[in-house]
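The following report is meant for someone who is meeting this structure for the first time. Please look over the sequence and the model before reading on.

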Amino acid sequence: LSFTLPGTPVFEPAFASIEPADEASECHGVLYSLRPSDFLRLCLSEGAPLLYAVVSIPVMQYNGAYVNAFAFRAAVRSCVELRPSLRYLQLIREAAREAGLAQSWLDKLDRIRAAPGSSQPPAQRPRDYERRPGATFV
C-alpha cells in the first residue's frame, strides 16, 4: 500500500494505491465479488482509468489459497511517497479492523503518519436519509 496518488493538498493530500514492490512486501485487504455493472460503478467512482489503472494481481488469502484479483494502481503518481489526511487514514484503519485483517497489518497501518496539519473532523449528525430504517442511498 502506497500513498502516491496526489490529491488536494489542504483537504486530501494523498490517496492509496497498490504499487509494485519486492516479493517480501505484502498488502492486506478484502476481496469482494462484484457483478460487472457494480465493478463498472466502482471504477467510475474511483476515477478509473484517469486516476487509477485497474491491474490484475495474484492474491494469497489468509487460508493459503491463491486467486487473481483486480486492484487499483495510481495512473498519476507522485515521485515521492505522500502522507494522507488523518481522516482518510482513519477510514482505512477502521475498515481494516472491521474486516478482521491481521494484527501485523493493523500495526503497520497505525505506524503510517498523517499529513501535517490534518485532523480528525468532528463527528457529524446522521442526515435524514441515514436515519430511516432500511433506507438505501445510491
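In this predicted model, E19, R73 and R77 are linked in a network of salt bridges, a salt bridge being a side-chain nitrogen of Lys or Arg within 4 Å of a carboxyl oxygen of Asp or Glu. Seven salt bridges are found in a search of the whole structure, and three of the pairs are set out here.

| Pair | Closest N and O atoms |
|---|---|
| R77 and E19 | 3.6 Å |
| D38 and R41 | 3.1 Å |
| R93 and D110 | 3.6 Å |

The salt bridge between R77 and E19 links distant parts of the chain, since R77 sits in the loop between β4 and α2 (86-98) and E19 in the loop between β2 and α1, 58 residues apart. E19 is buried at a relative accessible area of 19%, whereas R77 is partly exposed at 40%; here buried means under 20% relative accessible area, exposed over 50%, and partly exposed in between (1.4 Å probe, protein chains only). D38 and R41 are three residues apart in helix α1, and therefore separated by about one helical turn. R93 is buried at 10% relative accessibility, while D110 is partly exposed at 37%.

The protein has four helices and four strands, which follow the pattern β-β-α-β-β-α-α-α along the sequence; helices (H or I, at least four residues) and strands (E, at least two) are DSSP runs, numbered from the N terminus. Strand β3 (residues 52-60) pairs with strand β4 (residues 66-74) in the antiparallel sense over nine bridges, where pairing requires that DSSP finds at least two bridges between the strands. Within this hairpin, which has five residues between its strands, G64 takes a positive phi near 90°.

Confidence is given as pLDDT, the predictor's confidence in each residue from 0 to 100, and its mean for the protein is 89. Among the elements, helix α3 (residues 103-111) has the highest mean pLDDT (97) and helix α4 (residues 128-131) the lowest (58). Where pLDDT is low, the predicted coordinates should not be read in detail.

Residues are numbered from 1 along each chain as its sequence is written. Local features need pLDDT of at least 70, side-chain atom pairs count only at pLDDT 80 or more, and totals for chains, interfaces and linings use all residues, while side-chain values use heavy atoms, with hydrogens and water left out.
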